[in-house]
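Here are my notes for you to read alongside the model. Take your time and find each residue as you go.

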Amino acid sequence: MFKIPRGTRDFTSEEMQKRRYIEEVMQKTFETFGYKEVQTPTFETLELFTAKSGDAIIEELYSFTDKGGRDLALRPELTAPVIRFYVDKLQMEPKPLKLYYFGNCYRYDRPQKGRYREFKQAGCEIIGTDTAEANAELIAMAYKILENAGVKNLVLNIGNLNILSSLFSQFKLTKDQQKYLIPQIDKSMFEDVFDALRDFDIKKEDASILTEILQTSDIKKIENLVMGDVAKKELEELNKILSFLDKSFGIKNYQIKMSIVRGLDYYKGVVFEIEAPSLGAEKQLCGGGTYELIKLFGGKETPTTGFAIGFDRTILALELEKYEFPNPTLDVFVIPVTEEMIEKSLKITQNLREKGVKVDIDLLRRGMSKSLKYASSINAKKAIIIGPKELEQDSVTIRDMETGKQDLKKIKDIEKIIK
Ligand code: AMP
């Protein structure tokens, strides 16, 4: 017997039905915001990902050399592929370019609940604008996608990396010192951040200011603490975004969180995360922000913002919240009563299918009562029973599977009755 590879999953038809249903809701929401779908390959050159994230990323990748000696990697995310695609073929498209995607991603992660080696992301990039309204619209879309999908308990955190960067430069922290601090900030280890700042000879008051900014969700407090024109201007922008979210999109339950760091190398400006607290350790459903990659990939720099939603975690959150997914149903189950009835039954079945009705037919010659039992087990709404006596009158028996009521109906009227 063969085992499934670690960190991967098979999906039953019931799970696939849920996944397709949620994917459709997400897709519709992207489209109502004017986004258009794109697709890129499952594997890319390894260099695409090391250019974006540095060589350290190789540890997390499924990378390999193909028979032609090319270094390739299964994509761990879709922002780099989409921006590569943009630089290669889409730079002349009218702006802003609003692109969305669904795709499987691969990471050599340590698997646990909500963390897999193969998982699916739903995401988007907006290319060519970084106005407050564009950023607010994008954040609102991420939130609405999860809300429309049915997730009830959502926490939206918003930060700004330019503010953090400007504080770092103000305190004259070297790149290495920043690198040391970032993982601690990411893990909310603020006491350690404070101690490290003191070790870096930052004055006690300044170290307190920085750690307070990282911990507070009170924007007024941050306004009073930040210094420097860059930080003040970014705060003004952030305030505009928050005001649009609230007044135009009706999203009020956001929190300021200056400790969102993401990839400080290429993320600039606004960053955000959406969590489903019910998921515990792996609670992050979505991460996004403004980033700079186009120039690095050889294109003409233009503003870009995007996000990625963890599709699998969204399904997990819905299951935990006891979301009622629609039941899989079949419109009709056809039962030929005798072997001689099979040809006519197949024909009636096929005619209905061509009208878009979901129809299945007994393929086991198992007789009436077993067929009816089966029809009910697969949630068929109606059964069509086709026997010689009925056929003599150009008719069939239609049974309502819920009530058990049966009626003799003309074959030519079946479609009307079923629909
Ligand atoms: P990231 O590209 O790391 O910002 O991830 C975006 C989203 O993808 C996260 O918020 C998660 O919901 C989801 N995600 C990331 N890594 C995994 C994984 N290994 N398994 C399942 N979902 C993941």
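The points below cover the domains, then some aromatic rings.

1. A word on the ground rules. This is a predicted model, where local features need pLDDT of at least 70, side-chain atom pairs count only at pLDDT 80 or more, and totals for chains, interfaces and linings use all residues. Residues are numbered from 1 along each chain as its sequence is written, and side-chain values use heavy atoms, with hydrogens and water left out.

2. Look at the overall layout. The chain is assigned domain 1 (13-320) and domain 2 (330-418), with bounds from an automatic or database domain assignment. Taken over C-alpha atoms, their centres are 52 Å apart.

3. Now the rings. The whole structure holds 13 aromatic pairs (rings of Phe, Tyr and Trp, the last by its six-membered ring, with centres within 6.5 Å; planes under 30 degrees apart are stacked, over 60 edge-to-face, the rest tilted). Phe43 and Phe64 are edge-to-face, because their centres lie 6.2 Å apart with planes at 75°. Phe64 is partly exposed at 33% relative accessibility, and Phe43 is partly exposed at 44% (buried is under 20% relative accessible area, exposed over 50%, partly exposed in between, with a 1.4 Å probe and protein chains only).

4. Another pair to find is Tyr62 with Tyr108, edge-to-face at 5.5 Å centre to centre and 70° between the planes. Tyr108 has a further neighbour: Arg117 lies over its face, 4.2 Å from the ring centre (for a charge over a ring, NZ of Lys or CZ of Arg is within 6 Å of the ring centre and within 35 degrees of the ring normal).

5. Finally, ring pairs join Phe30, Tyr35, Tyr100, Phe102, Phe272 and Phe307 into a cluster.
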